[in-house]
Amino acid sequence: MNLWDNNFVVQIMPDLMRGFGLTLWITFIGFAISLAVGLIVAVLRFMRIPVVSHLATFYVSFVRGTPLLVQAYIAYFVLPYFGIAFDPLPTGIVVLGLNYSAYTAEVYRSGIEQLPKGQWEAAKALSLPPARTWFRIVVPQAVRPIIPVLGNYLIMMFKDSAILSSITILELMGTSLQIGSNFYRYLEPITIAGLLYLIVSFPCSLLIRRLEQRLVPAH
């Protein structure tokens with residue numbers, strides 16, 4: 001028996017590409033969630049509101065301190081015991097997005113802390129309302145230097161989406177494992193899945209590196 005079967009590859013490619021497409025969709029939706037939630041958490045922490053800011057800090061510490069796999073298991077297998085149950089796909093997307101929101105919150109915080117104090121003083125002198133100060137002055141300036149870091153997290157999320165196969169989501173990794181189980185051949189599907197991850201992540205990492213050179217001034 002041949003170690004590598006090209007005919008088998010042709011047979012399984014449509015399923016793998018569907019899984020690949022789902023992986024991309026999960027990544028982009030999950031990343032949008034992480035950007036939105038992370039920004040809210042970062043602002044709440046920075047504003048130092050009693051109780052609320054402490055809860056935001058605890059959220060970041062808790063999420064970053066527990067593995068994504070454990071969080072996915074809790075959301076999919078444990079929460080139904082308390083009457084909270086959703087389909088695997090939305091559960092996986094939300095878990096992935098919330099997990100990364102703890103990391104993007106820290107990235108946002110670093111960008112906000114780099115903002116010159118003069119910007120805050122100018123907003124205060126003009127008596128600008130807090131919402132306008134944050135979303136018209138602070139956030140636009142804070143986001144620009146952290147775009148490359150956020151891009152790196154996007155690549156990491158793309159690769160970490162493979163963990164969602166553990167809660168029965170047939171994204172790229174889940175599809176390759178299912179094919180291997182059905183046909184008792186894991187070499188081709190797992191290898192192709194790995195190559196697809198590499199084909200996306202490696203060029204994107206090079207692009208982000210170039211973007212970093214343009215956006216982040218050298219010291």
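These notebook entries record what I looked up in a predicted model.

The model being predicted, local features need pLDDT of at least 70 and side-chain atom pairs count only at pLDDT 80 or more, while totals for chains, interfaces and linings use all residues.

Confidence. I looked up pLDDT (the predictor's confidence in each residue, from 0 to 100) and found that the protein averages 92, with 98% of the residues at 70 or above.

Helix packing. I then turned to α4 (residues 88–113) and α7 (residues 147–160), which pack at an angle of about 160° with their axes 11 Å apart, the axes being lines fitted to C-alpha atoms over the stretch in contact and the angle running from 0 to 180 degrees between N-to-C directions. The two helices are therefore roughly antiparallel (over 145 degrees). From α4, I noted L96, G97, Y100, Y103, T104 and V107 in the contact (heavy atoms within 4.5 Å), and from α7, V149, L150, Y153, M156, M157 and D160.

An exposed lysine. K117 lies in helix α5, and I recorded it as exposed because its relative accessibility is 68% (exposed means over 50%, with a 1.4 Å probe and protein chains only). From K117 to E171 I noted 54 residues in sequence and 46 Å in space, C-alpha to C-alpha.

Conventions
Residues numbered from 1 in each chain as written. Heavy atoms only, no water. Helix = DSSP H or I, 4+ residues; strand = E, 2+ residues; numbered from the N terminus. Parallel < 35°, antiparallel > 145°, perpendicular 65-115°, else oblique. Buried < 20%, exposed > 50% of the residue type's maximum accessible area, 1.4 Å probe, protein only.
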